[in-house]
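Please open the structure in your viewer and keep the selection tool at hand.

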Amino acid sequence: MPRIELKHITKKFGKFVAVDDLNMVIEDRSFVTLLGPSGCGKTTTLRMIAGLETPTEGIITINDKVVFSSEDGIDVPPDKRDVGFLFQNYALWPHMTVYKNIAFGLENLKWSKEAIKTRVEELLAMLKISEFAGRYPSELSGGQQQRVAIARTLATGPKVLFMDEPLSNLDAKLRMEMRSELKRLHRETDSTFVYVTHDQLEAMTLSSMVCLMKNGYMQQYAPPLEVYRKPANTFTADFVGSPNINLVDGVVDQEKPIVLKLTNTVRLVFQPKTNIAVRQGQAIVLGLRPEHIAVTQMKADAEAEVLSSLPSGMETIIALSMDDIRLHSVVFGDIDFEVGKSVGLSFGHGVFNLFDKESGKNVGQGTLFRA
Amino acid sequence: MSAKSKLNQIKAFFKKPHNIILVVLLVVLGYLTLVPLLTIILDTVTVHSSEARFVKKPVGSLTLYHWTKMFASGITSQKTFYEPFVNTMVVAFLSCVLAIIIGGFFAWTVTRTNIRAKAFISTVFVFPYIMPAWTLAMAWLNFFRNSRIGGAPGLFTVFTGLETPNWFAYGLFPIVVVQGLHYAPFAYILIGGILRNMDANLEEAAMLLHANRMQIMMKVTLPIVRPALLSTFLLVFSSTMSAFAVPAFLGSPVRYQVLTTQMYRTLNGMNPGYGYIMALVMIVIGVGILMLNQWITGRRKSYTTITGKSSNISLFNLRKARTPLTVILITILMMIAILPLVSFAIESFIMAPGDYSFSNFTSEFWIGKGRADIANSEPGILRNPSIWLGLTNSLKLSIIISLIAGTVGMLSGYAIAKRRGSKLSTWVNNLTFFPYLMPSMAFGAIFLSMFAVRRGLIPAMYGSFWLLVIVGAVKYLPFASRSGINAMLQLSGEIEEAGTIMGVGWFKRMTRIIFPIQKTTFISGYLLPFISCMRELSLFILLVSPSTRILTTLLFQYNEKGWNQYANAINLMIVVIVVGFNLLINKLTGASIDKGIGNN
């Protein structure tokens, strides 16, 4: 079954390097998102796998069949790769009805009229748009157009489905709805999904694997929760999670046990889960997820002042100042905090990530307590 | 990178249809536009057979004779170059200003006021541009010619008894008026497009800040459209500069020479070298104008571009002036679009020119068998085999050229837009636009000298119909490729890719997806070359042979011979065909010429 493999894929546009030496394996029936800020090469990567863009160098195999190789001059055209592509702007043909849009690809494969009719009706029903069959795309709302585009892409039954920010043009409510719809389709169609997005929430909630990219380089390729729990570097740590992780600069004050000095008054012992190597005086960045900063009155690891409090019912996001270091904390429950009040902070729960300041790389995980 | 992967890259490059199109265009257009340019340059420093006597050097040898004669030989240079050059600039500048004032006023009135009969005004206002350029010139002569130059006086003199002065009937004044009116629709289309696409919020924001109409106009609207206005000015300027027919009709009776008429004389006469220098000068000015235009639009792009919909801008209320102004505009339109046609009809039925009494009317020039005492027994145009030949040739030529130019233009637009930003695409883009800058007559002359003899695989084509086809197709390619690029830029690449990924072949993608979606713009790309070709004179005038003559060259011949009635009748025929065809296509497909040139 379709397992996609990219080996040393590089894409240059003139002098600009869009994707640099990318290696990744997309397992059969997985739901992989390519995540990153705009211009990071994620769309280019997707288009190269689909065959819409030609890599400058490298090898791509789909289902162990080489579909692209710069060395051997192999470049299988997109339609021979048995893939479907869902475009950002849907790319519905405005001069064809919904029915015709879906049927066009099948007609092209010389299906019989009855077979096409059966298949199109099946898809219309599956996406709950049967009543729009006779309409033109311009007569549909954004969400309906999106469904038509999905139906059109699924029509030929591709084993791999590529999606390029398909939900970015929808409003918040529809986006929620389409997300669960996509998860359902992934299960029902039994195929591999590769999905491009810049929305970390979308990547977190939908996918089985996240590939985080920046400036053409792959930063981390792991299941979403692993990216969340154990980010490979400060970039991925910062990109995933809302509200953002707190990245606090500090230095290693002492090697055994490891003591981190964050401010003149805040010094914390970092108890690593595995053996890690740090040296005294090394500049580090400590990653503190907002939900791992507890606000307490007693047994505090540090003191801070409340700068703002944003209660939303289920949770409250508070901005804090700890010796002029800005921190965000999430407190669950419908509590409000008084601005300007002094509170104690506790880092007793959760696992924290330590990064090297210079390289940004993850040094190791551990727990914290007051030195 | 290894040699093998380099080779593979080349193979991959040529697998893409748009790359093949670009490379083929680069080669073919390079040959058909750059080689002519080099030939022109070479011709300015070569001794031509007709000149061997004065130059005193063997034919074909190099000489600076033409350059010194043209630029540094006192009174000769004054008469052959400097005077026509100054005339050209004056004519081009003034007609341009006039065109922009008239076109701009109509555009503003139609888009920004509550004038009546908007649809009618915009349809009819484009007529003078669709009609051959000399239509208005002939009409001017029909009305205002005087007897001092010789020949019968025009309608105006006959009805009022006043003899028109020479300055009014011939030379600078009528040329400027006629060219100004001819190009006013061009300015109207461009400026109207800008006004229509300008974000009305900008004006409304000023209104909310208590600016009055005048302030809004002067402080907001004009500054915003100024770069586009300037660019319109430059485009019209380069067209008026290379116009031939109008100065030929209105200037020659009083020896008012411009570069193009001078070029016709020299290319057709003893000194082709002079003509090629003039052609070169015009090409250089044209390229300069184009670069200036690109600089202006490029630099100011940030705020001239289309931003919003101005669907619900509050229109300027003309109040009491509404009906009178509508009447005035329609009267003007009648005078410039309809009245000329009436005058052609009348003139073509007049036996003795200048006598408009009823007894003088005759159908001789339309259906007569030909009389020994008039025009060497030339039969009336409806039973005249040479007119029928010209008509068939004109139609055949225009249709073939429009099919070639339209299709190539569409493909080039497709390929250029697909590879936008790449060097190859930029080169081809400039190459497809270059013929626009070549003065038609010089272009014709060059093709004549290039293909009069066998060149490699291409047989000698002098007097051949296909020579006309090639010249026309290349010359009108810019119109079609502009529409092609416009059409493609409006279309997101994903639309085509959605077909690619389903295995829809390239040809089917073009015919079933891309063409149907942008049908009207593409058809406009076919329409413009057709219309331009039907009314083209200067491009073909040096190239036709008796068997390939077309309506426009026939008209010019009849006019030179002074057979006024035939000329008027032919002109009426051309106008009816062109306007009728335009309206027909417009009705059937929604395509129109303003879609083709509308958004440059």
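**First stop: a helix in chain B**

Begin with helix α21 of chain B, in which the buried residues are B:S440, B:M441, B:A442, B:F443, B:G444, B:A445, B:I446, B:F447 and B:F451. Please bear in mind throughout that this is a predicted model. Nine of the 12 residues of α21(B) are buried, so the helix is largely enclosed by the rest of the structure.

**Second stop: the largest nonpolar core**

Next, select B:A137 and B:I570. Within the largest nonpolar core, which has 159 residues, these two touch the most other members. Which helix supplies the largest share of this core? It is α11 (residues 172–197) of chain B, with 15 residues. The core lies between domain 1 (89–257 + 279–322) and domain 2 (363–600) of chain B, because both domains give residues to it.

Keep B:I570 selected and display its surroundings. Setting aside neighbours within four places in sequence, B:I570 is in contact with B:I381, B:I387, B:L551, B:L554, B:L555 and B:Y558. Apart from this core lies another, of 75 residues, whose members include A:L22, A:A50, A:V148 and A:M218. As a general remark, nonpolar side chains tend to be buried together in soluble globular proteins.

Over residues 391–585 of chain B, the chain is 76% helix and 0% strand. The end C-alpha atoms of that stretch are 20 Å apart.

**Fourth stop: where the two chains touch**

Now show both chains together. Here 19 residues of chain B are in contact with 21 residues of chain A. On the chain B side, the elements that give two or more residues are α1 (3–15), α23 (493–500) and α24 (506–517). Of these, α1(B) gives the most, with six residues. By class, the chain B side divides into nine nonpolar, five polar and five charged residues.

How many residues of domain 1 of chain A are in contact with domain 2 of chain A? Eight residues of domain 1 are in contact with 11 residues of domain 2. The side belonging to domain 1 has four nonpolar, two polar and two charged residues.

Select residues 142–154 of chain A, which form helix α4. At 1.5 Å a residue, its 13 residues should span 18 Å, and the end C-alpha atoms are 18 Å apart, which agrees. Because 10 of the 13 residues of α4(A) are buried, the helix is largely enclosed by the rest of the structure. The buried residues include A:Q145, A:R147, A:V148, A:I150 and A:L154. The buried residues of α4(A) pack against β7 (83–86), α2 (98–108), α3 (113–126), β8 (160–164) and α5 (172–189) of chain A.

**Final stop: backbone details in chain A**

Most residues other than glycine have a negative phi, and most peptide bonds are trans. The following places depart from that pattern.

- Select A:S242 and A:P243: a cis peptide bond joins them, with omega about -5°. A:P243 is found in the loop between α8 (234–239) and β12 (246–254) of chain A.
- Select A:K256 and A:P257: a cis peptide bond joins this pair too, with omega about -10°. A:P257 lies in the loop between β12 and β13 (258–261) of chain A.
- Select A:H8, in strand β1 (residues 4–13) of chain A. Its phi is positive, near 50°. A:H8 is partly exposed, with 13 other C-beta atoms within 10 Å.
- Select A:D323, in the loop between β18 (315–322) and β19 (325–332) of chain A. Phi of A:D323 is likewise positive, near 50°.

Note on methods. Residues numbered from 1 in each chain as written. Chains lettered and ligands numbered in written order. Predicted model: local features only at pLDDT ≥ 70, side-chain atom pairs only at ≥ 80, totals over all residues. Contact = placed C-beta atoms within 7 Å. Nonpolar A, V, L, I, M, F, W, Y, C, P; charged D, E, K, R; others polar. Helix = DSSP H or I, 4+ residues; strand = E, 2+ residues; numbered from the N terminus. Buried ≥ 20, exposed ≤ 12 C-beta atoms within 10 Å, placed from the backbone. Core = buried A, V, L, I, M, F, W, Y, C linked by C-beta atoms within 7 Å. Domains from an automatic or database assignment. Expected span 1.5 Å × (residues − 1).
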